[in-house]
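Open the model in your viewer and keep the selection tool handy. We will take a short walk through a few side chains, one stop at a time.

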Amino acid sequence: MKIKTLLLHLLYLAVIAVYAFLIGCPVKRFFGIDCPFCGMTRAHVALFCGDLNSAIGYHELFYLGIPTMLGVAHLRVLKKKRAVFIAVTTFCSLSAVAFIVRYILILI
């Protein structure tokens with residue numbers, strides 16, 4: 001792996017960590033309502049601690065979060081392999097639809 005790519009991945013992780021642990025959700029902070037991803041950090045922490053039931057309780061779609069972020073982050077690289085690019089794009093699109101539907105159902 002190239003050093004530039006590794007540093008870019010570390011930068012992504014640093015930005016996510018700053019938002020998750022220091023700043024918090026910007027949507028909740030500015031608008032006072034939960035965003036479609038509220039609960040994802042708590043869900044992943046619960047999963048890493050071995051508590052699957054709590055993870056599902058915090059956010060039902062937590063298992064889609066990391067693969068979707070990785071897919072979006074690597075779309076540029078995946079364009080070289082058309083079939084993989086189409087599969088990842090389809091997965092990310094369906095994940096986005098699932099998050100939006102969940103959010104609408106929670107707001108109702």
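**Stop one: a tyrosine and its patch**

Begin by selecting Tyr-12, which has a relative accessible area of 38% and is partly exposed. This is a predicted model, so treat what you see as a computed picture. Tyr-12 sits in helix 1.

Now widen the selection to Leu-8, Leu-11, Tyr-12, Val-15, Val-18, Tyr-19, Phe-21, Leu-22, Ile-23 and Val-45: together they make a nonpolar surface patch of about 920 Å². Which helix gives the most to this nonpolar patch? Colour helix 1 (residues 3-23) and you have it, with nine residues contributed.

**Stop two: the aromatic pairs**

Next, show the rings. The count of aromatic pairs comes to two. For one of them, select Phe-37 and Phe-99: this pair is tilted, with 4.9 Å from centre to centre and 50° between the planes. Phe-37 is in the loop between helix 2 (26-31) and helix 3 (40-48), while Phe-99 belongs to helix 7 (residues 82-107), so the pair ties together parts 62 residues apart in sequence.

Is Phe-99 buried or exposed? Phe-99 counts as buried, at 4% relative accessibility, whereas Phe-37 counts as partly exposed, at 46%.

Key
Residues are numbered from 1 along each chain as its sequence is written. This is a predicted model: local features need pLDDT of at least 70, side-chain atom pairs count only at pLDDT 80 or more; totals for chains, interfaces and linings use all residues. Side-chain values use heavy atoms; hydrogens and water are left out. Rings of Phe, Tyr and Trp (its six-membered ring) pair if their centres lie within 6.5 Å; planes under 30 degrees apart count as stacked, over 60 as edge-to-face and the rest as tilted. Helices (H or I, at least four residues) and strands (E, at least two) are DSSP runs, numbered from the N terminus. Buried means under 20% relative accessible area, exposed over 50%, partly exposed in between (1.4 Å probe, protein chains only). Patches are made of residues with over 30% relative accessible area and no salt bridge: like charges are joined within 9 Å, nonpolar side chains (Val, Leu, Ile, Met, Phe, Trp, Tyr) within 5 Å. Accessible areas come from the Shrake-Rupley method with a 1.4 Å probe; for residues, only the protein chains shown count as cover. A salt bridge is a side-chain nitrogen of Lys or Arg within 4 Å of a carboxyl oxygen of Asp or Glu.
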